[in-house]
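Biologist: I would like to learn how to read packed helices and sheets in a model. Please take me through one example.

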Amino acid sequence: MALRNLLLIAAVSCSAHVAQAQPASQPAENLVLVMIDGLRWQEVFTGADERYMTNAVGKVEKPEPLLARWHRGTPEERRETLMPFLWSVVAKEGQIFGNRYKGSTADITNGRGVSYPGYAEALCGVAEPVIKDNRHIVNPNPTVLEFLNQQEAFRGTAAAFGSWQTFRFIFRAETCGFPVDDGNGAFTAGTGSPELAVLNRLRTEVPYRWPGVAFDALTVNTALEWVKVNRPRALFLGMGETDEWAHEYDYARYLDAAHQADAYLRRLWEFLQSDAQYAGRTTLMITCDHGRGDLFLKDRAWGDHNGATPGSEHIWMAILGPGIQPLGERTNVEPITQSQFAATLAATAGLDFSSAQPRAAGRIAEVLGPRPTARP
Ligand SMILES: [Zn+2]
């Protein structure tokens, strides 16, 4: 009798422990994809580039303060200075791909090197020939968020936030069945809050520096507050300032935008890890839509990106969450492509994206190892 009670207590406390700790083999219950527009792999892996801080191609008037802020003796120190959250948390607890200096390549397959084709490839798993540029055509393919929003475990819980008008077309806002914030004007979907009301006032009053593109502060703060109030399980967050400042060849502001994007990622992740719904049950994938040129590939081209600018095809991707081995910066691994990201994200939740998009590239085997157990 006594032994039986002991076993019973052991069984109860064991299952209680499992419920709290969420074993690594358990599929993720929340999926978050963050894309930082046009942030080059070069800065992600080697930090600020001294050449652009001391040279007219970076439009830098006073190099000294910029060098003091960002320049360090090694690539490792420089990248952690620029993106401290990515390198102290994501790259330690998860994995990061795309350091071409270390035998890890990540590339687009759409051949365009511009934003809409890149977002579409990452979100839909295919390089779609009809999406040639940033023209406002409705995406012919469902995004992985649309797929998730129709799965039983995620039904009706997707939401997308981005600083760019084109996201309405990328996500098929009219028909996808979940809220899409394109960063322009007030965002009124879902349950509001006093903070969202203030943000909406700012979103209608702060002028736009670039046509159709909001400052990231307005979009990201809206997304973070909306998540707390409305609790989505499949979330997209797109930040755009890195790309806009780079197009202006303003290296100082490009670096500021990258550093701020990293701070937003930290704020997002720290909230998720402090909340019972998300803590230990959330995949975070971070990537970009395209690369950009390089000083040594084509003069002055670091700020440009397109099919004719070499380097625009090179990207990077980081991922962490339950079931993802903490292998850190990946070196000497199989090449990965942007078309694999949708299937990889879905796979961390035990879902097979190819059921929605048979043409989608398969998941990245390196991330999860053997096929994860399916959802019960
Ligand atoms: Zn651009």
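This is a predicted model: local features need pLDDT of at least 70, side-chain atom pairs count only at pLDDT 80 or more; totals for chains, interfaces and linings use all residues.

Modeller: The axes of helix H6 (residues 84–93) and H13 come within 8 Å and cross at roughly 40°. Residues are numbered from 1 along each chain as its sequence is written.

Biologist: What describes two packed helices?

Modeller: The angle between their axes and the distance between the axes. Axes are lines fitted to C-alpha atoms, for helices over the stretch in contact, with angles from 0 to 180 degrees between N-to-C directions. Helices (H or I, at least four residues) and strands (E, at least two) are DSSP runs, numbered from the N terminus.

Biologist: Which residues in H6 meet H13?

Modeller: Pro 84, Phe 85, Leu 86 and Val 89 do, against Asp 262, Leu 265, Arg 266 and Trp 269 in H13. Contact requires C-beta atoms, placed from the backbone, within 7 Å.

Biologist: How do strands of a sheet pair?

Modeller: Through backbone hydrogen bonds, either parallel or antiparallel. Two strands pair if DSSP finds at least two bridges between them. Here eight strands form an open sheet with mixed pairing, in the order S5-S4-S6-S1-S7-S8-S2-S9. Its edge strands are S5 (180–181) and S9 (328–329), each pairing on one side only.

Biologist: How many bridges join S1 to S6?

Modeller: Six bridges join S1 (residues 30–36) to S6 (residues 234–239), and these strands run parallel. Met 35 has Gly 238 in S6 as its bridge partner.

Conventions
Two residues are in contact if their C-beta atoms, placed from the backbone, lie within 7 Å.
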